[in-house]
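Hi,

Here is the structure I promised to pass on.

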Amino acid sequence: MAQSNVLQFSGHQHLRHRLVLSILSGKPVKIDKIRSDDKNPGLRDYEISLLRLLEKVTNGTVIEISVTGTALLLKPGVIVGGTLSHDCPLSRSIGYFFEAIIMLAPFSKRPFQLTLRGITTDDHDLSVDLLRTVTLPHLQLFGISDGLEFRIKKRGAAPAGGGEAQLLCPVVKQVKTLNFVDPGKIKRIRGIAHAVRVSPQFSNRMIESSRSVLNRFIPDIYLYSDVYKGDESGKSPGYALSILAESTTGAIHSAEAVSQPGVAPEDIGLLATRALLAEISKGGCVDEKHQLLVLLMMVLGSEDVGRCRMGPPTTRTIQFLRDTKEFFGTSFKIVPAEGADETAPQLLYSCYGVGYVNANRSLA
Amino acid sequence: ARTSSGRPRRKNWMKLIYSSTLTPEQVLIGDANAESAQKNIEDEDDFFQIKRKSEPEADETLDRAKNPLRAEELQKWGDDQLLDSIRNLFITGHDHP
């Protein structure tokens with residue numbers, strides 16, 4: 001019996017959400033052929049670090065990694081949370097870790113107060129600014145709100161990092177069913193520009209170039225120049241513009257661009273702005289970056305039909321939908337959304353929630 | 001295999017996702033890899049073969065939430081006409097641009 005319910009996967013891809021699904025569902029997971037054909041086979045340091053972090057936030061989790069590092073077995077324990085901290089390797093930003101943790105934190109025994117240290121903004125993962133301003137509001141859609149907070153204590157640009165951020169996440173019994181089908185119209189634009197260990201003027205230059213494009217659309221634009229000095233500004237120079245557009249119904253589209261060598265701050269500002277416009281033009285209620293989080297919470301929702309209007313699934317989302325079916329037996333109904341045109345194809349995702357109840361929660 | 005090249009056909013997402021063996025990439029771009037797979041088989045007549053990965057050697061596809069920004073592709077948003085075309089998505093715009 002013990003062996004029969006182990007779910008089996010292959011390859012290094014999609015590792016993160018498979019581990020999360022395993023812990024939430026309580027089903028052990030075995031993953032093999034992790035870069036077995038690679039010149040440098042096995043798990044990467046950030047993946048090992050993620051496993052260690054998952055071990056930290058849970059109790060009773062058993063993780064076995066093969067000698068070569070190309071296979072692993074995870075027997076999930078219970079999510080306990082509490083006050084914890086973790087140093088992340090500099091190969092990935094702390095967003096990589098927070099993205100996984102945010103999916104688990106609401107179902108913990110104790111509220112999360114997790115501090116992660118490392119790189120706070122990079123090209124691959126959600127930056128601390130987007131986590132704070134975009135990801136957390138997505139949790140609020142599901143009734144996770146009281147005491148939900150994200151604090152950026154220190155910034156840390158690549159490659160040396162030195163940043164620090166803390167997630168405070170309350171514990172819920174159950175998540176609410178989502179019914180989010182009206183994307184509304186964009187009513188305001190907010191942005192955060194930061195520049196560490198370079199001239200603080202860089203922030204203003206990004207903001208100015210962004211405004212030159214956005215001013216034509218709406219008056220309610222506030223782009224904030226976030227100043228971090230001294231010890232709070234990390235170990236490496238860098239700057240970025242994170243920008244978001246909020247609609248009348250609370251749909252949030254976001255984009256950001258991070259400094260690159262040899263590119264002027266004005267161009268970074270433009271890049272972020274144009275990426276935001278591209279996101280807005282795709283429409284829908286949830287942007288691509290948050291498809292996984294929203295779909296997961298819909299699966300876990302109370303036993304009712306949850307609905308959400310979004311763009312087409314990304315490759316990650318497609319695999320996530322398949323894996324979710326393996327773990328929870330839930331499949332989504334995905335049909336073209338009403339009134340969606342050819343230029344911005346939008347889909348209506350609906351599913352019957354499994355009525356996930358947080359059994360870890362301590363009754364106090 | 002070129003029947004669908006003209007207009008964008010409507011995908012049956014549920015069928016593609018839940019009851020096909022296509023990889024997520026194939027689901028998105030359509031199953032265009034069937035031909036190249038055929039070609040590989042013909043090449044293999046030597047006794048020793050170099051083991052090739054299914055994908056051309058490139059940077060490993062990272063598990064990342066943000067898609068890389070393509071500056072050239074985003075260049076089009078410098079065009080006033082395109083900018084005006086999304087005015088209707090803002091509260092200040094009208095329903096029919």
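Helices (H or I, at least four residues) and strands (E, at least two) are DSSP runs, numbered from the N terminus.

Housekeeping: this is a predicted model, where local features need pLDDT of at least 70, side-chain atom pairs count only at pLDDT 80 or more, and totals for chains, interfaces and linings use all residues. Residues are numbered from 1 along each chain as its sequence is written, with chains lettered from A and ligands numbered from 1 in the order in which they are written.

On to the sheet in chain A. Four strands make an open, mixed sheet, ordered 7-8-10-9. Strand 7 (82-87) and strand 9 (149-154) of chain A sit at the edges, each pairing on one side only. Strand 9 of chain A runs antiparallel to strand 10 (residues 163-169) of chain A, with five bridges between them; A:Arg151, for instance, has A:Gln166 in strand 10 of chain A as its bridge partner. Helix 3 (residues 94-104) of chain A packs on this sheet, touching strand 8 (112-118) and strand 10 of chain A, and its direction makes about 160° with that of strand 8 of chain A. (Axes are lines fitted to C-alpha atoms, for helices over the stretch in contact, and angles run from 0 to 180 degrees between N-to-C directions.)

A:Gly95, A:Phe98 and A:Ile102 from helix 3 of chain A meet A:Val128, A:Leu131, A:Thr135 and A:Leu139 from helix 4 of chain A. Contact here means C-beta atoms, placed from the backbone, within 7 Å.

Then there's the pairing of chains: 31 residues of chain B are in contact with 39 residues of chain A. Helix 1 (13-18), helix 2 (24-29) and helix 4 (71-74) of chain B are the elements that give two or more residues to that side of chain B.

Finally, UniProt (an unreviewed entry) puts "domain: RNA 3'-terminal phosphate cyclase insert" at residues 181-281 of chain A; such annotations may be inferred rather than shown by experiment. That span is 31% helix and 34% strand, and its end C-alpha atoms lie 16 Å apart.

Cheers

Note on methods. Two residues are in contact if their C-beta atoms, placed from the backbone, lie within 7 Å. Two strands pair if DSSP finds at least two bridges between them.
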